[in-house]
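This report describes a pair of packed helices and a sheet. Please consult the sequence and the model together.

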Amino acid sequence: MAQIPNLDNAPINLTSIRDQSQKELITILKNIRGKKCLVIDPKLGGALSLIVQTSLLKEHGVELRHLTPEPIQTECTKVVYLVRAQIDLMKFICSHVHADVSKGLQREYFVYFVPRRAVACEKILEEEKIHHLMTIGEYPLYIVPLDEDVLSFELDLGFKECSVDGDMSSLWHIAKAIHKLEFSFGLIPNVRAKGKASVRVADILNRMQAEEPVNSSDMGVPEINTLILLDREVDMVTPMCSQLTYEGLLDEFLRVNNGAVELDSSVMGAQQEGKKIKVPLNSSDKLFKEIRDLNFEVVVQVLRQKATSMKQDYTEMTTTTQSVSELKDFVKKLNSLPEMTRHINLAQHLSTFTSKPSFLGRLDMEHTIVEAQSYDICFDYIEEMIHKQEPLVSVLRLLILFSVTNAGLPKKNFDYLRQVCMKFMRELLHSYGFEHMATLNSLEKAGLLRKQESKSNWLTVKRALQLVVDDTDTANPNDISYVFSGYAPLSIRLVQQAVRSGWRPVEEILKLLPGPHSEAKRSGFASSPSLDTLPGTPSLDKVGDGRRSLVLVVFIGGVTFAEISALRFLSAQEGMAYELIVGTTKIISGHTLTETFIENMG
């Protein structure tokens, strides 16, 4: 199965977005005549694999390499670098060119920045006296469709850059990506934003429209009716909880990267021990599309039922006379056997993690923290994790959850934890190194670990938005809380509120959450019904051809697969007036988000 997802069922024409990105890359390569070595920034490799097939690149005389500090081994006289605008990557390129010059190699060099060039990077090339040897350009890859309802802006470090480094450049990139969508699908008339970064993106988007306007009168009814921008810092509780959907758990334990997991081939039933294989995970796989958003305990039951049904069909085939149409139906079912085998193997592998007492104990502790009960028990559990020297990221993830729900840690606990964590990190120097003493400072700066200076609002927010739901039915869910077996993601409750009755009824609750909020109707749509009458308004619920109106929900700082599952659940509800699609800086889990604060691990 191809790793490039099938986008035919996307609510808007995402294939055109992907095709445009592919065309732009091929044009760059065509303009560099003859054989060339394309050296790709490793962080871009996964995203590019969702845009263009390797075979197509080879058709244009391309030899592929990944960028590393080591000199490029190639006979090509033209070397094309496709890189993000990062200082360390410029140093790699400089060392390559210096190595070539010292060997007397005559080569042409091309550097294409993704998605745009940066003065600081070009300055490095000038200082190293190689700028004049370079042809410099841009490859404007702002949007990567991960699936038919998920778009990534591929900004891995956006959250840390904004919250710790004070670098807001990612916000311009997000606004640029949304504005590019508007040129394809029309000016988005309604914008809601919650959080400092979100309000700023909404402002940048308006400035971009003023400077480079999308002509709404030429395009008819906009295909995207509403844009909801949400800062990750508004809800740091959700990503720190363990996801319990099938796709969420695959990411928690196996790391889903650009729509695929890489694992030992023996997990998938192959005989070659130690060989790694990539398993694609997207909606092109019909069985995965059916089970990806289910709670994992239900997935196991579904797979068992399907396997039993197939076994019964096989028995009937071999013991009774079948008509031609019955034979055809059976062969159709057989075609789904590879998918069945794939997900039975993956589910079996996941079960080895989810059945561990340590995982079940952690789940219990997460629920205790979220329900804001037994403060001392929670603190003792975390302290015990530290003394047992459990993985640093696991400890920090639970600490962040504890700190966020309690508006920080009481001074005595905070100072004690700081002291113990410092000692803990010293003991882990063999794994991490002295530079990680800065980790706690970064988490403090981001407001994720801090001293308690005021009473927590968590209980009020939890009750008002019904974030904890007792007796959640994971098999036949009637609420988004099924994705965490009883906890409804705060972020998705805010989206639910926005599309059902607007944010005004919960304005006081919004004020208790981090950052400002704004609601605006864009220029040219002032005569349309107000934002608070959006849900249920016949004129806006349907676009011209009878489809439901579309809401684009953008997460600034990352989104988890469990949150995406909750949005899909909302979108599928009977009577739901809107279809929801997701835009995000990156797909995250609690682990990957926490790792961005730890040097050299993000």
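In which hand, left-handed or right-handed, does helix 22 pass helix 25? Helix 22 passes helix 25 in a right-handed crossing, a term that applies if the near helix is turned clockwise from the far one by less than a right angle. The contact (heavy atoms within 4.5 Å) involves Ser 491, Ile 492, Val 495, Gln 496 and Arg 500 of helix 22, together with Glu 563, Ala 566, Leu 567 and Leu 570 of helix 25. By class, 5 nonpolar, 2 polar and 2 charged residues make up this contact.

The model is predicted: local features need pLDDT of at least 70, side-chain atom pairs count only at pLDDT 80 or more, and totals for chains, interfaces and linings use all residues. Residues are numbered from 1 along each chain as its sequence is written, and side-chain values use heavy atoms, leaving out hydrogens and water.

The axes of helix 22 (residues 490–500) and helix 25 (residues 561–571) lie 10 Å apart at an angle of about 25 degrees. The two helices are therefore roughly parallel (angles under 35 degrees).

An open sheet of 7 strands has the order 6-7-14-13-9-8-12, with mixed pairing.

Strand 13 (residues 549–556) and strand 14 (residues 578–584) pair in the parallel sense over 7 bridges; strands pair if DSSP finds at least two bridges between them. Within strand 14, Gly 583 stands opposite Val 554. Helix 7 (residues 169–185) packs on the sheet and touches strand 7, strand 9 and strand 13.

Terms used: Axes fitted to C-alpha atoms, helices over the stretch in contact; angles between N-to-C directions. Helix = DSSP H or I, 4+ residues; strand = E, 2+ residues; numbered from the N terminus. Parallel < 35°, antiparallel > 145°, perpendicular 65-115°, else oblique. Nonpolar A, V, L, I, M, F, W, Y, C, P; charged D, E, K, R; others polar.
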